[in-house]
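Okay, thanks for coming, everyone.

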Amino acid sequence: MSPNILLKKARRERGLTQVHLAEKLHVDVQTISSWERGIRAPQPDVRKRLCEILEKSPEELGLPPLDIHSSPQKDHVTLTVVLSTAEEDMVLPEGVSERVRDVPSVREQEQPLPVRRNTFAYAYEDVNRQRMLTRVHERWIKGVFEESLYRSTLLVLPLQEQPDLIEDPWQEVFQESILPSRSLPPGTRITQVYDQADGELLILGEPGSGKTTLLLELAHHEIARARHYERYPLPIYFNLASWAERQLPLEKWLAEEINTKYRIPLKLAKKWIESEHIALLLDGLDDVRSEYRTACIQEINIYRQKYGLAPVVVCCRSADYMAQPVRLALNKSVVVNALTTEQIDEFVARAGQDLAILRLALQRDTALREMASTPLMLNTLAIAYQGVQMEEVLTDGVFHTQRNMIFAKYVERLIERGGANTKTYTSVQIKQYLTWLARHLQAHNQTEFHIERIQPDWLESNREQHHYQRTVIRLVTSIQCIVGGALAAWLKGGLKNGVVGSGNGILGLFGGGTGNSMLGWMAPGIGGGSQGGASLILILSIVIWLVSILVGSPSLPTLTLRAIWHGLVTGLRTGLKFGLIISPFSIALFTALGGLMHGISYGLGIGFFLAMLIGLLSGLGDGLRYQQEEPPEKVSFKDRLVDGLIFGVGGGLSFAIVELLLQVNHQSTVIYSFIAALFYFLAFGFGGGTRLFALLGKTIQPAEIVTWSWKQMAQDMGSTIKKSLLVALVTLTSVGVIIAAITSLFFADPGYGLHYGLVFGTISGLIVGIAGILTSMLQSGWSSDILADDQHTIPNEGIARSGRNALIGACVFAPIGGIASGLATGIGFGLLGQLSTWPVMAKAFVVMIAIQFFVIFTIAHGGIAWIEHYTLRWYLWKWRRIPRNYVDFLNRVTSHALMRKVGGGYMFTHRLLLEHFAQLTPSQNDHSISALSEKQERSARQELSTL
């Protein structure tokens with residue numbers, strides 16, 4: 001900020017010191033200093049006196065003119081906004097009700113104030129300031145203030161100054177008694193109080209008294225000032241409810257709020273705070289949980305000590321503030337008093353016959369009149385009683401009605417006035433859905449509701465959360481099993497000695513021909529009935545498993561000796577256990593197909609192969625995840641059984657369907673599909689396969705914004721290569737040794753077994769290393785985040801963005817992963833296996849691994865959030881917590897004025913309405929007001945006729 005040289009020079013020309021000028025203006029010396037330093041500017045009323053004392057115009061003092069409605073200066077950017085900058089000339093938004101106008105006494109001015117728009121000019125070209133002001137205005141003035149529940153009444157709220165509610169640092173020094181409270185003159189605006197308090201103000205009041213509306217009215221006014229004067233503090237609205245989540249130092253919390261809520265760079269936000277360039281409008285101190293409220297007040301005071309010249313306004317409910325042992329260090333405190341009898345009467349009288357029953361009720365019942373003393377309740381009563389029949393509201397000869405009953409009637413009236421919009425949902429359904437929503441907003445200290453922000457912890461019980469999480473895990477794992485089964489069948493379809501293979505598989509698609517001839521000397525395979533094609537499936541499975549682990553993790557884990565040993569032991573134990581289970585089934589199936597010897601040969605081969613595959617995958621997964629996360633939750637036998645059946649059916653069916661499409665022998669298809677189903681049943685049901693997805697269903701993290709960082713990827717490159725090479729070495733050794741041992745056992749030829757194991761072990765290690773490097777590089781460079789709430793313009797936009805970004809990212813990275821891994825496979829077979837058909841294998845693996853990369857990347861980077869979100873909503877709909885079409889419902893209740901739309905989110909029209917729904921029980925949703933006896937009704941009607 002540049003110093004105000006003109007003001008300083010004018011003061012010295014008059015022979016005044018800062019102290020003398022402060023005494024003449026009745027302000028602090030620090031205030032004069034802040035004007036001359038260019039940090040702040042005098043308020044309009046003080047500016048006028050300053051000009052008189054220094055005998056110069058505002059322009060000669062380097063200040064904006066007193067009449068800032070003047071024509072825009074040349075080259076200034078102009079904006080048209082619904083604003084006013086003078087307290088005595090508040091501009092009304094279009095469409096405001098003309099029943100009650102914004103004047104101290106309605107009787108003094110019968111003609112309604114004109115509705116017009118003012119055009120303001122920026123007196124500077126600071127684009128950052130302009131954007132900040134626009135975002136605050138769009139979010140809180142246009143989005144909330146102009147749409148607020150009782151904004152149309154425009155009542156001037158009676159204010160009372162109470163000096164004893166703030167901390168006075170001079171009281172102990174001068175032994176001064178605290179000044180008594182005093183009612184401010186009728187018609188005093190909050191902007192006038194703010195100016196007199198030099199921007200340091202505490203606003204207290206009862207629930208529904210209009211505190212937040214006053215704060216937003218002040219923001220409305222201050223935005224207009226800040227648009228004109230470059231050195232004027234930026235008024236920014238904050239809700240303190242979120243402070244309690246982390247309890248950061250206030251300046252750090254403010255910077256993060258400006259960064260995340262208003263999308264201002266963190267560096268610029270910190271600069272504005274440190275230069276005292278921001279006027280803090282802090283609402284919701286009472287929304288801070290009671291155990292943290294005192295600490296919050298202390299943090300505000302610490303901030304005031306550090307940034308003493310920055311304007312600060314705080315709003316809170318009176319009872320919640322007065323219950324605190326500490327006080328805020330501000331200049332002034334005002335309490336919003338109850339509406340006067342004259343204001344209430346005038347409001348009802350101007351409504352005419354529509355509120356005749358309410359007028360009668362207010363005259364006869366003092367309790368009801370007391371209830372009508374706040375703008376919210378007065379407006380609520382007006383809606384609840386408008387056009388109501390006498391028998392609907394009279395009870396026991398008096399008009400005594402509790403607040404909840406009034407709110408219940410008010411809600412019913414709004415629903416009835418919804419017209420055609422109410423036909424889709426019954427009154428009971430609307431109240432039931434809003435009750436659930438209000439309870440959870442209150443429980444999570446939220447005032448705004450965004451559909452995409454629903455989390456699993458909104459479920460009512462651990463049982464519900466368990467059902468939801470298992471469903472998410474089953475959905476994601478089923479996708480993996482279905483895709484894996486289909487790819488395995490596609491790969492196998494062109495193999496198997498030319499008897500079963502038709503050449504229509506993926507190898508045949510690229511010219512591999514029928515049978516195993518393209519595998520050359522490796523055609524016999526590991527042994528038995530598995531043949532060489534099983535080895536290819538092994539490589540594909542290892543890569544798929546590894547990529548699933550890596551893409552779902554923040555980074556590639558570090559393998560320690562203990563982790564390697566743990567993985568080997570786990571893999572051997574798991575492989576042996578499931579080998580003993582699978583082999584008898586396989587032998588029985590192949591015996592039925594071709595006799596006992598055929599069954600033993602093929603059955604043992606398949607049994608050993610699947611056991612080895614499960615063991616390798618289990619060991620690799622456990623080794624990579626060893627000590628990287630908390631132990632997974634124990635899964636019951638029942639859940640394991642259900643999981644296995646779901647995954648087995650999914651994987652087996654996809655395998656069968658692909659083989660049938662490839663015109664493979666039907667009998668063979670049945671057998672191998674059953675074996676595939678058995679594999680998925682054991683591997684993912686009981687073999688720990690779902691541990692890959694153990695964190696699913698915990699927290700929904702949409703990928704609403706995605707970025708790519710070459711710098712971050714380059715920084716992690718060295719560590720990534722080291723970790724990937726270690727994983728590749730472990731894979732090479734374990735796969736090579738196991739394959740060599742099993743092959744030698746089957747063929748009684750150690751030379752063939754060692755050669756076969758070396759080739760496949762090396763190829764597996766090479767592909768795993770490349771896949772590890774590639775996926776880790778993608779993980780390092782690719783990052784995602786969520787949009788700030790005020791950046792949402794469409795309901796549920798975050799989930800839609802998440803799904804779209806997942807598909808876009810997968811379309812970019814899947815081909816890269818497929819090409820790199822596929823080429824590694826082909827080159828490995830060409831160089832190590834010396835097969836002339838290696839280009840065919842390379843092409844086949846490029847396609848298959850690209851498909852798998854696409855599926856895994858889509859799920860891990862946004863797709864999971866999409867699945868989790870809609871699964872959660874399905875359960876909430878199933879349990880009758882929300883409607884099927886949530887957006888349609890929220891839009892309908894918005895049209896009823898029960899909620900209001902703010903950008904892409906929704907808010908209850910007032911916190912008291914939220915609290916009303918939050919405390920309802922199902923039985924209270926059907927509550928109705930009883931009627932009077934005929935005698936009482938006749939008496940009331942006679943009184944009504946005299947009005």
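So, which residues have the most contacts inside the largest nonpolar core? They are Leu 437, Tyr 886, Leu 890 and Phe 908, in a core of 223 residues. By nonpolar core I mean a set of buried Ala, Val, Leu, Ile, Met, Phe, Trp, Tyr and Cys residues joined through side-chain atoms within 4.5 Å. Buried is under 20% relative accessible area, with exposed over 50% and partly exposed in between, using a 1.4 Å probe and protein chains only. Helix H31, residues 838-878, gives the most to this core, with 15 residues. There is also a second, separate core of 5 residues, and Leu 778, Trp 782, Ala 810 and Phe 813 are among them.

Some housekeeping. This is a predicted model, where local features need pLDDT of at least 70 and side-chain atom pairs count only at pLDDT 80 or more, while totals for chains, interfaces and linings use all residues. Residues are numbered from 1 along each chain as its sequence is written, and side-chain values use heavy atoms, with hydrogens and water left out.

pLDDT is the predictor's confidence in each residue, from 0 to 100. The protein's mean is 76, and 77% of its residues reach 70 or more. A contact here is heavy atoms within 4.5 Å.

Back to Leu 890. Leaving out residues up to four places away in sequence, Leu 890 touches Leu 437, Phe 449, Ile 451, Met 899 and Tyr 906.

Now the sheet. Helices (H or I, at least four residues) and strands (E, at least two) are DSSP runs, numbered from the N terminus, and two strands pair if DSSP finds at least two bridges between them. We have an open sheet of 3 strands, in the order S10-S14-S13, with antiparallel pairing. S10 (448-449) and S13 (899-902) stand at the edges with a single partner strand each, so one side of each has no neighbour in the sheet.

S13 is joined to S14, residues 905-908, by 4 bridges, and S10 is joined to S14 by 2. Met 907 in S14 stands opposite Glu 448, and Met 907 is also the bridge partner of Arg 900. Val 902 stands opposite Gly 905. The S13-S14 hairpin has 2 residues between the strands, and Gly 903 there takes a positive phi near 65°.

Which way do the S14 residues point? Gly 905 and Met 907 go one way, Tyr 906 and Phe 908 the other, and all are buried.

Helix H20, residues 427-443, lies across S10, S13 and S14, at about 95° to S14. Axes are lines fitted to C-alpha atoms, for helices over the stretch in contact, and angles run from 0 to 180 degrees between N-to-C directions. H20 also packs on H33 at about 110°, with the axes 7 Å apart. That makes H20 roughly perpendicular to H33; angles of 65 to 115 degrees count as that, under 35 as roughly parallel, over 145 as roughly antiparallel and the rest as oblique. From H20, residues including Leu 434 and Ala 438 meet Leu 914, Glu 915, Phe 917 and Ala 918 in H33.

And H33 itself, residues 911-918? There, 7 of the 8 residues are buried, so H33 is largely enclosed by the rest of the structure.
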